[in-house]
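Look at the model first, then read on.

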There are 2 protein chains.
Amino acid sequence: MMFDVKSVEEAFEIIKENFAGYNLEQELVYLQSALGRIASKDVCANEDMPPFNRSSVDGYCVVASDTFGASESMPAQLELAGEVKMGEKPDFIIKRGKSAYVPTGGQLPEGADSMVMMEYSEDFGDGDIFLNKPAAPGNHVVFKGDDVKEGNVVIKKGCRLRAQDIAMLAGLGYEKVEVFKKLKIGIISTGDEVIEIKDTPQGAQIRDINTYSVMALSQMMGMEAVSFGIVKDIYKDIENKVKESLEECDITVVSGGSSVGTKDVTVKVIESLGKPGVLLHGIAVKPGKPTIVGKAKGKAVIGLPGHPASAFMIFKVFVSKLAKWMEGETENIIPFVEAEMDMNYPSNNGREEYLAVSLEETESGYISSPVFGKSGMISLMTRADGYVHISRGSEGLNKGQKVKVNLF
Amino acid sequence: MMFDVKSVEEAFEIIKENFAGYNLEQELVYLQSALGRIASKDVCANEDMPPFNRSSVDGYCVVASDTFGASESMPAQLELAGEVKMGEKPDFIIKRGKSAYVPTGGQLPEGADSMVMMEYSEDFGDGDIFLNKPAAPGNHVVFKGDDVKEGNVVIKKGCRLRAQDIAMLAGLGYEKVEVFKKLKIGIISTGDEVIEIKDTPQGAQIRDINTYSVMALSQMMGMEAVSFGIVKDIYKDIENKVKESLEECDITVVSGGSSVGTKDVTVKVIESLGKPGVLLHGIAVKPGKPTIVGKAKGKAVIGLPGHPASAFMIFKVFVSKLAKWMEGETENIIPFVEAEMDMNYPSNNGREEYLAVSLEETESGYISSPVFGKSGMISLMTRADGYVHISRGSEGLNKGQKVKVNLF
């Protein structure tokens, strides 16, 4: 099999080209279960918010100009025209010289354009109110439509719904929102030596770690993960499982042996499923060179490297990106931790690297240390807090250098 | 009611003192649903990982010293003693002068201490193998227990389980893990003017936004949220609902009217439930001053400020911290985005502030802008990407100043 290694940028480009705009179905979900889902279309406000001029304090509504120049020694004296009750539309209007009590959240009577807070008022019970602070027009008032105007787009297609987006939809009276269905990811573990985690290894058998790490990583991204179990390294068995997963899932991940023979089987299986088949086989990246990306029936089939830590990093960097493209998620801001390297780390020329690091907080900020260990160790990842991207052209990282750490 | 405003540090201290070490029950969950859960006790490795000396490459196992000095012009010539099959324990041993093929992940035969990669070998089919690269002892071998030694703590009590922690547990053969039960949070919305989101406001009614935002914020933190619906501003009704929630939930959140009268009712209800009652009423923070924290039957009762954006921020800053303490979660690294302020922002002396900001990515990094709007607007939060903490002593933020933005 040709092993035509692509650069990281080329790999991203191939993935984007093939899977961005993937046709994911839509569904309507209740707001209670909409958190983290991706809006499948723009949502517009169907009314003004607030739908009336609303006070944001407890106090007295006024015509602002009536209070100009008011002070403690010379309060503005206004006639009380009524009292506004929460939730009720006032049945009186405010003309010059008049005022009325309005609670926080209450509706301003017609004519009033501002509020003076309770604490700047004195009520002697004689039907007048004394206000010892001037109000500028608009003071402590949210006017009709100030928050959102009818017709405004409040949720953009492709946005991952946050708590505040859900709050906004609730405020506008939407009980449900249209989102893309969750991406379904099928996980196939291969290898003659791989056994169920509940079993005790005999000889040199090894438990099926990748199914569980891929499942958790997928859940973390909001995908629905389906395990198709463990298959022996037999062409026909792998082919059948991949076909089964392709029926049901948007992404199929084949993880397992990283020996040359096993990889060849995965490649052959992907090629057998129809065009375009294997899109790339090998990425110039450390760890994770023997990664396979294929496409069949419009869906993605990924061959992950066999070492759990490599599979983990490739998932974090490439599969998560693939998923975002398939889901049509618009680019988001990715938080990170800025840290200082505690040692020199020489680069791997010609190959980008994603270096697992641990972080320690000190008074002067975070310190990051590369996590060392042998290829294939799981503790490489459990000891790490995140990873640093080292670009291909880089000469490596220097002690004291500031780096951006993406947390796991 | 006394309104004895506490500083932010005092508030955190009071919350920690009263709720850290909260007695949350434990449960056993399958790894498939353990992501994000908090380990309720240390987990130790019950065996060495790997349980045998494992090759991390395809190649030939050797006694390292047999290869010292080997080169292309002078390869080491070794006798093939056999071939190791994946998953099987080799039934032969390697003495000096011998070698054997071992696939990636295969077990090294006894006696071998290192591997030479396939690509540095030549096999002429005559029973000998020629290796043209020397191996140092340990080369490409993960020795028994190198990854994790039997008895090592692999999961610490209080850690929030990440994908790699689950991978580790899978590798060690744990199907289930002991975690704290999810915190249950009961949400009560109060206010005569508040209506169900599906209803159309009449007069100056307003839809129940806070139930949905608090629910989503709680879900985001891995809590189980239960809505107790909307209650009128009637003492007995609120008391009954709070009692109902207290029975079932670890945290009860009363959100609603921010008018003085409503807050008083919440305070009275909390006081009526038994000692210690209200722990704090009022935090010197912007937004969110009228926050109430109480304790009854050992559980937390929170009165959130009425404005949705204030309630949101108080939840983000205080309730999430409360939840972490109740769950016994050990401190985690919080990622952020470093950004540069695009304008001066004067501080609020004597009061800490959590300023909502939007972010824009430029070539020189992120630029953060304060999100302006009137108190009570929901769009204050939907337009924001995160928030900046401005400490009490600060003179505010200057244009060009670097700030840490916590993403929402």
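Accessible areas come from the Shrake-Rupley method with a 1.4 Å probe; for residues, only the protein chains shown count as cover. On that basis chain A exposes about 17,000 Å², and carbon and sulfur atoms supply 47% of this area.

This is a predicted model: local features need pLDDT of at least 70, side-chain atom pairs count only at pLDDT 80 or more, and totals for chains, interfaces and linings use all residues. Residues are numbered from 1 along each chain as its sequence is written, chains are lettered from A and ligands numbered from 1 in the order in which they are written, and side-chain values use heavy atoms, leaving out hydrogens and water.

**Chain A**

Chain A holds seven helices and 28 strands (DSSP runs, numbered from the N terminus: H or I of at least four residues, E of at least two). Its radius of gyration is 31 Å, well over the 22 Å that the globule rule gives for 408 residues, so chain A is more spread out than a compact globule. The radius is taken over C-alpha atoms, and the rule is 2.2 Å times the number of residues to the power 0.38.

| Property of chain A | Value |
|---|---|
| C-alpha span along principal axes | about 95 × 50 × 40 Å |
| Radius of gyration | 31 Å |
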